[in-house]
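Let's take a walk through this structure together. Have the sequence and the coordinates open side by side, and follow along as we go.

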Amino acid sequence: MHMDDFFDLIDRLARADRIEAASTILEGFLREWGLCNGAYAALNLPTPGGARPLLAVTYSAEWQKHYAQNGYVDLDPIVRSGLGGFLPIDWAEIDRSDPIIRKFFGEAQEFDVGANGLTIPIRGRFGEFALFTVTSHETGSAWRALKQDLLRDLMVFAFNFHAAALRSAGPDEEPAVHLPLREASCLRWKALGKTDDEIGRILGISSHTVRFHLESARARLKTANTTHTVARALALGLINMSYEPNHLLTKKRR
Amino acid sequence: MIKIIPGEWRERFPRLIDEMHKLRRNVFYERLKWQVTVINRWEVDGYDALDPLYVLSLDENERVIGGLRLLPTTGFNMLNDTFPQLLPDGARIQSPLIWESSRFTVRMTGDKGVDFLTISRATAELGMALNEIGKAAALTHIVTVYDGAMHRMLSRVGCAGEPLGPPQTIGGVETYAVTYEIGTQWDRHVRGLAGGASMSVDPKVIDSLRTRLGQGDPSSSSDGARP
């Protein structure tokens, strides 16, 4: 997937505040990666009037009906493992020794769910849980290669999708982003074209801690990568490009 | 040898889980005298109830000699929810690509020679395991909170993390928040410490970890403990 396209999808996702809009963006993500289906299911969302589940899937209506009628939510191994742990789940690694599980995956394939899938369990700060899944027709080594390329972008996409779902579920205004000083300094030096090593030397920290601050800022500003984060921070006035050294120490100019 | 136990599987490994909590009691409560809760001889806290991922280092007799637990920073975790005073500018660190390690512990006898070997070995193994898990989950960093004694101990084996800021005194204990970067540099370092490839983390550990359905006979994967 081209970086600019990912950048654009994440940018649109950061502005989506309805689950329908987020689902449209999800379809774009699936297209870009040549994926088959996408599914998001959240439990325990902090919704006004009580916690409610939220679902957004691209599976066919037939599969959704079949899944519901057979009560598959109770035996679906992805749901069972995803709600307990938080490591990404590769469907290829699910134990299929039980004939019922084999039948389940066989039927899923008949309904064009996809031969393989990758599920990201999400734990949020309100105590909510969610699962974000994408599926593919690829198998064997092609699937493993795809997974390798896809995983990090998928993690970033999944958590941004979840943030959009939270906005969709709750009426609360999101608090304004506060960028810690170190993150702002790293972003500003990045904007001025410095490498991680150079920034580390300037700030008296190692390059790996520079990257820690850049990743933390990326998640905070809900962006796709460092370039995107710099652009967003500039647009929000959280950093500025002035060369006056004391501006490094001011959090907000505007 | 490394054993990775998802918290939701704890009843399958009762002996190892028991040893881990007792080791934590011994280190944090008895030795370091932290203000931690001990219930039924276990040091245990609310984060254990969130089903963290436990990473344990075992000796040749499969006794627990060290361990830690992992939680995503997007949910509840110690740094954000217990030690926010360690956060730079007080802003929560919550990224899907950064997980938190806590309750890092290594068995200590008080005999410096013996302890140094245990620390080197367990730290190297746990470090390698962290890096493998980090790669499997596409993480960039691990963040962790530990005390000054741990910082100095890990510094001696070249495994201290980089502090996010100056240490703070919390409950009478000098406390740091530090980071580790996932990747080849760290991997090379801990492998060197472990004496080359002689103590690698079996990739199957990670694979089996992700084969997470309790379809098989649970006793086949248990730790042989008696009820």
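How many residues does the contact take from chain B, and how many from chain A? Keep in mind that this is a predicted model. Chain A puts 38 residues into the contact, and chain B puts in 33. On the side of chain B that touches chain A, two elements that each supply at least two residues are β10 (173-181) and α6 (203-210) of chain B. Of the elements there, α6(B) gives the most, with three residues. Sorted by class, that side of chain B has 15 nonpolar, 10 polar and eight charged residues.

In soluble globular proteins, nonpolar side chains tend to be buried together. Here the largest nonpolar core has 97 residues, and A:Ala22, A:Ala158, A:Phe161 and B:Val55 are those with the most contacts inside it. Helix α6 of chain A (residues 140-169) brings the largest share of this core, 11 residues. For a view from chain B, center on B:Val55: leaving aside neighbours within four places in sequence, B:Val55 is in contact with B:Ile2, B:Ile4, B:Gly67, B:Leu68, B:Leu70, B:Leu126, B:Ala129 and B:Leu130. There is also a second, separate core of 15 residues, and A:Leu179, A:Leu187, A:Leu214 and A:Ala217 are among them.

A:Leu187 leads us on to a pair of helices. Which residues of α7(A) meet α10(A)? They are A:Leu187, A:Lys190 and A:Ala191, and their partners in α10(A) are A:Thr226, A:Thr229, A:Val230, A:Ala233 and A:Leu234. The axes of α7 (residues 181-191) and α10 (residues 226-235) of chain A come within 10 Å and cross at roughly 105 degrees. Because angles of 65 to 115 degrees count as roughly perpendicular, α7(A) is roughly perpendicular to α10(A).

Finally, have a look at two backbone details. A:Asn44 is not a glycine, yet it has a positive phi of about 70 degrees. You will find A:Asn44 in strand β1 of chain A (residues 37-45). A:Asn44 counts as partly exposed because it has 15 C-beta neighbours inside 10 Å. In chain B, B:Glu62 has a positive phi of about 60 degrees, although B:Glu62 is not a glycine. B:Glu62 lies in the loop between β4 (53-58) and β5 (64-72) of chain B. With 14 other C-beta atoms within 10 Å, B:Glu62 is partly exposed.

Definitions and conventions
Residues are numbered from 1 along each chain as its sequence is written. Chains are lettered from A and ligands numbered from 1 in the order in which they are written. This is a predicted model: local features need pLDDT of at least 70, side-chain atom pairs count only at pLDDT 80 or more; totals for chains, interfaces and linings use all residues. Axes are lines fitted to C-alpha atoms, for helices over the stretch in contact, and angles run from 0 to 180 degrees between N-to-C directions. Helices (H or I, at least four residues) and strands (E, at least two) are DSSP runs, numbered from the N terminus. Angles under 35 degrees count as roughly parallel, over 145 as roughly antiparallel, 65 to 115 as roughly perpendicular and the rest as oblique. Two residues are in contact if their C-beta atoms, placed from the backbone, lie within 7 Å. A nonpolar core is a set of buried Ala, Val, Leu, Ile, Met, Phe, Trp, Tyr and Cys residues joined through C-beta atoms within 7 Å. A residue is buried if 20 or more other C-beta atoms lie within 10 Å of its own, exposed if 12 or fewer, and partly exposed in between; C-beta atoms are placed from the backbone. Ala, Val, Leu, Ile, Met, Phe, Trp, Tyr, Cys and Pro count as nonpolar, Asp, Glu, Lys and Arg as charged, and the others, Gly among them, as polar.
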